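Please look over the sequence and the structure shown here before reading on. The paragraphs below go through it piece by piece.

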Amino acid sequence: MSAHHASHPPELADSDVSELSFEEALSQLEGIVKSLEGGRSTLAQAISEYERGTALRRHCEAKLAEAEAKVQAVVEGSMGLTLRDVE
């Protein structure tokens, strides 16, 4: 039995991801990708890492969409259109 355990249990995969900044989430996602590519995890660890990676990817995509909406609002505002609230 390995002493190394996945750093985040699967049940925490979605809950604590929402608290991360884009940079933190991206950094963790990169670490998971490297770990999975290394192939040294047990099957249970790999599944747990994959599930967390999926949650991190979704979080990063949502943060990017939010930033894109804010940029679009600023661009439209600078073009004389009404600045809309994107919150």
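Asp16 has a relative accessibility of 23%, so it counts as partly exposed in this predicted model. Its salt-bridge partner is Arg52, and the closest N and O atoms of the two are 3.0 Å apart. Asp16 belongs to the segment before α1 and Arg52 to helix α2, so the pair ties together parts that are 36 residues apart in sequence.

The whole structure holds three salt bridges. One of them joins Glu61 to Arg57, with the closest N and O atoms 3.0 Å apart. These two residues are four apart in helix α2, which means that about one helical turn separates them. Glu61 is partly exposed at a relative accessible area of 42%, and Arg57 is partly exposed at 39%. Another salt bridge pairs Glu66 with Lys70, where the closest N and O atoms are 3.7 Å apart. Both residues again lie in helix α2, four residues apart, or about one turn. Glu66 is partly exposed at 42%, as is Lys70 at 35%.

The chain as a whole has two helices and zero strands. Helix α1 covers residues 22-38; at 1.5 Å a residue its 17 residues should span 24 Å, and this agrees with the 24 Å between its end C-alpha atoms. Within α1, Ala25, Leu29 and Ile32 are buried. They cover an arc of only 60° around the axis, so they sit on the same side of α1. The face turned away from that buried side carries the exposed residues Glu23, Lys34 and Glu37. Just after α1, Gly39 takes a positive phi of about 65°.

What makes up the largest nonpolar core? Its eight residues are Val17, Leu20, Ala25, Leu29, Ile32, Ala55, Leu56 and Cys60. The elements giving two or more residues to this core are α1 and α2 (43-78). Apart from residues up to four places away in sequence, Ile32 touches Glu49, Arg52, Gly53 and Leu56.

His59 is in helix α2 and counts as buried, at 11% relative accessibility. Leaving aside neighbours within four places in sequence, His59 is in contact with Val17, Ser18, Leu20, Ser21 and Ala25.

Across the chain, 64% of the contacts with a separation of 6 or more are between residues 24 or more positions apart. Buried residues make up 20% of the 87 residues. The accessible surface comes to about 6400 Å², and carbon and sulfur atoms account for 58% of this surface.

Conventions. Residues numbered from 1 in each chain as written. Predicted model: local features only at pLDDT ≥ 70, side-chain atom pairs only at ≥ 80, totals over all residues. Heavy atoms only, no water. Expected span 1.5 Å × (residues − 1). Buried < 20%, exposed > 50% of the residue type's maximum accessible area, 1.4 Å probe, protein only. Arc of directions from axis to C-beta. Core = buried A, V, L, I, M, F, W, Y, C linked by side-chain atoms within 4.5 Å. Contact = heavy atoms within 4.5 Å. Areas by Shrake-Rupley, 256 points an atom, 1.4 Å probe, with all protein chains shown as cover. Salt bridge = Lys/Arg side-chain N within 4 Å of Asp/Glu carboxyl O.
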